[in-house]
Amino acid sequence: MYGEGVADMAGRIRDEDIALVRERSSIADVISETVTLKSAGGGNLKGLCPFHDEKSPSFNVSPARNVWYCFGCGAGGDAIKFLMDAEHLSFVESVERLAARAGIQLRYVEGDSAAPRPRPQQGQRQRLVAAHAAAVEFYRAQLTTAGARPAREFLARRGFDRAAAERYGCGFAPDAWDLLTKHLRQQGFTHDELVTGGLSRPSRSGTLIDRFRRRLMWPIRDITGDVIGFGARKLFEDDDGPKYLNTPETPIYKKSHVLYGIDQAKREIAKQGKVVVVEGYTDVMACHLADVPTAVATCGTAFGADHIGVLRRVLFDSDERAGEIIFTFDGDAAGQKAALRAFEDDQRFVGRTFIAVSPDNMDPCDLRLAKGDMAVRDLVARREPLVDFALRHVISRYDLDTVDGRVEAMRRAAPLVAKIKDREKRPEYVRKLAGDLGMEIEPVQRAVLAAASAPPGRDNPPARPAPAEPVVDNPQSMVEREALKLALQEPVLAGPMFDAVEASEYRHPVHVAVRAAVAAVGGAATATGGAVWIESVRDACEDLAARALVGELAVEPLRIDGDPDPRYVSVTIARLQWGSVTGRIRDLKSRIQRINPVNNKDEYFAAFGELLSLEQHARALREQAAGGL
Ligand SMILES: [Zn+2]
């Protein structure tokens, strides 16, 4: 059935041992470690298939026949095949894993020789997991030593007693270069295994040293409870490393899949049909101890699509029973990012995602310390649907006191409502959104329908108004015209201020061309005015429309009664710039909304920084533009 997979570097496992492993492995137990199973009648079990996307269970397990089969995608096999497919193990690794579970001592044959090897080289995963298990014991023993006092104090300060530390396997990486490395080498683990597993690393001189030193250690387990890595917290001031260090990517540790606490939380997650996502190891501990046993945390990375994949199988995400994902956040910025991300990542989860923002910027661990277990349970109970949370945040970015602000907020919010999977809920949200914006229901409804028919995505951003705007109807165009008139008609008065604003600040293309022509003849400040000045600008124009416009603007009356003064010029120029800056702010906000903050963190923060300085500039210009009018 598996052909050549049986014989590999590890040597061939005896056929009768493989048969014994098959016979002794309970397929229901093996599969239910990763897939939530329930009765399908007739002694069979069913669940959501881990190998294809589905909403109703077509993945069937027959404990009597010791096989599994998916009617949806056709995958199937025995317990060995399940581990190979689900955990990406080789045949030998799968057999070794099952043998270890069932307490079977495997015997190996090499080539034609039937002599069993005394110490079989096991599959790589098995070896790395064994090395981690030994490291857990080592670090745990170190936690009781004198040097580990800061680690014990750290745990105590955060409300964790000895029993809590033991339950989570907390340990201490000692102040030594290679104590763990030597310990594991003595236990028979090879140089390569320790490096590959991320427990040790080569020093500059080439000798092998411990990866973690002088840190509080949390073992990180996969869903089956195997330790696959560590999280390490800084304890000493003179440690110039980051606050948290994690195991690097290894063959068994993939941070995009890892959820700290999942091994302890999985049964409750399945039972309660919900999961609480917190931010750190201490938050997971605090939640579990406060009787929120469904808490998990990502390790050194943001919550992403792969994590959803891991949770879906445990949550039993089906139509029969909806699973809930509750994110807790201690600050609004993070919450906002996560909310936007959840919309991008997995639409199917939107309706089941909730946000719990803790009061006073406290994480669950702080909250438990300050206000007790009940406050942690309250935090989770007071969750808010993601849609409500996201709408609130989008709207809060706009000034609802202005028509522009309300319309812009509506345009940004409508796609979120359009994305709500449960169509029956949409009218409710349309009403809510209209109320929050202070608008009639009808335009909001139209905007949502429009967004629904052309869902915005990264390649298809929310519609912006067409760039071809009528020249005079638009306030920005009007003020651009006025500035150009001042330059042509009153160059002595307006010249210096006019020249300070570049062509790129004009939005209308014909205005850009005229502004460029003024620059081409040396700027307005050098001119004395009159027909010669107008002619020279006209001659410098690159296109006919601009030439015609120069003639028009040279004679069109200014929009001021009486003669223009420096204040009028200053106000006009400030309005022009303000229009340009707010246009750039609008573009930037739209861009920020489309940046994925997980994949493009730097771009996201850079855009935010730019936005803040533009907004500051806009405020100053607004004051200047309001001056005297
Ligand atoms: Zn399937």
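**From one arginine to the zinc site and the sheets**

Guide: Arg 591 is partly exposed, with a relative accessible area of 31%. Here buried means under 20% relative accessible area, exposed means over 50%, and partly exposed is in between, using a 1.4 Å probe and protein chains only. This is a predicted model, so local features need pLDDT of at least 70 and side-chain atom pairs count only at pLDDT 80 or more, while totals for chains, interfaces and linings use all residues. Residues are numbered from 1 along each chain as its sequence is written, and side-chain values use heavy atoms, with hydrogens and water left out.

Arg 591 is part of helix 25, residues 566-594. Helices (H or I, at least four residues) and strands (E, at least two) are DSSP runs, numbered from the N terminus. Look past the neighbours within four places in sequence. Arg 591 is then in contact with Glu 603, Ala 607 and Glu 610. Contact means heavy atoms within 4.5 Å. Tyr 604 sits 13 residues along the chain from Arg 591, and their C-alpha atoms are 9.2 Å apart.

Now step back to the whole chain. It has 629 residues, and 49% of them count as buried. Its secondary structure comes to 26 helices and 19 strands. Take the contacts between residues at least 6 apart in sequence: 67% of these join residues at least 24 apart.

Next, the zinc ion. Its protein donors are Cys 49 through SG, His 52 through ND1, Cys 70 through SG and Cys 73 through SG. These donors lie 2.1 to 2.3 Å from the zinc. A donor is an N, O or S atom within 2.8 Å of the metal (3.2 Å for Na, K and Ca). In sequence the donor residues follow the spacing C-x2-H-x17-C-x2-C. The 4 donor atoms subtend angles of 102 to 117 degrees around the zinc ion, which makes the arrangement tetrahedral. Four donors count as tetrahedral if all angles lie between 85 and 135 degrees. Cys 70 is buried, at a relative accessible area of 0%. Cys 73 is partly exposed, at 39%.

Two strands pair if DSSP finds at least two bridges between them. Strand 2 and strand 3 are antiparallel over 3 bridges. Lys 38 stands opposite Lys 46 in strand 3. The hairpin of strand 2 and strand 3 has 2 residues between the strands, and Gly 42 takes a positive phi near 65 degrees there. Strand 3 (residues 44-47) also pairs with strand 4 (residues 59-62), antiparallel, over 3 bridges. In that pairing Gly 47 faces Phe 59.

Helix 3 is mostly covered, with 7 of its 9 residues buried. They are Ala 79, Ile 80, Phe 82, Leu 83, Met 84, Ala 86 and Glu 87. These buried residues pack against helix 1 (15-24), helix 2 (27-32), strand 4, strand 5 and helix 4 (91-102).

Strand 14 pairs with strand 16 in the antiparallel sense over 2 bridges. Tyr 260 stands opposite Ala 297 in strand 16. Strand 15 (residues 274-278) runs parallel to strand 16 (residues 295-298), joined by 3 bridges. Val 277 stands opposite Val 296, and Val 276 has Ala 295 as its bridge partner.

Strand 16 is covered on both faces. Ala 295 and Ala 297 on one side are buried, as are Val 296 and Thr 298 on the other.

Note on methods
Tetrahedral: all angles 85-135°; square planar, octahedral: opposite > 155°, others 65-115°.
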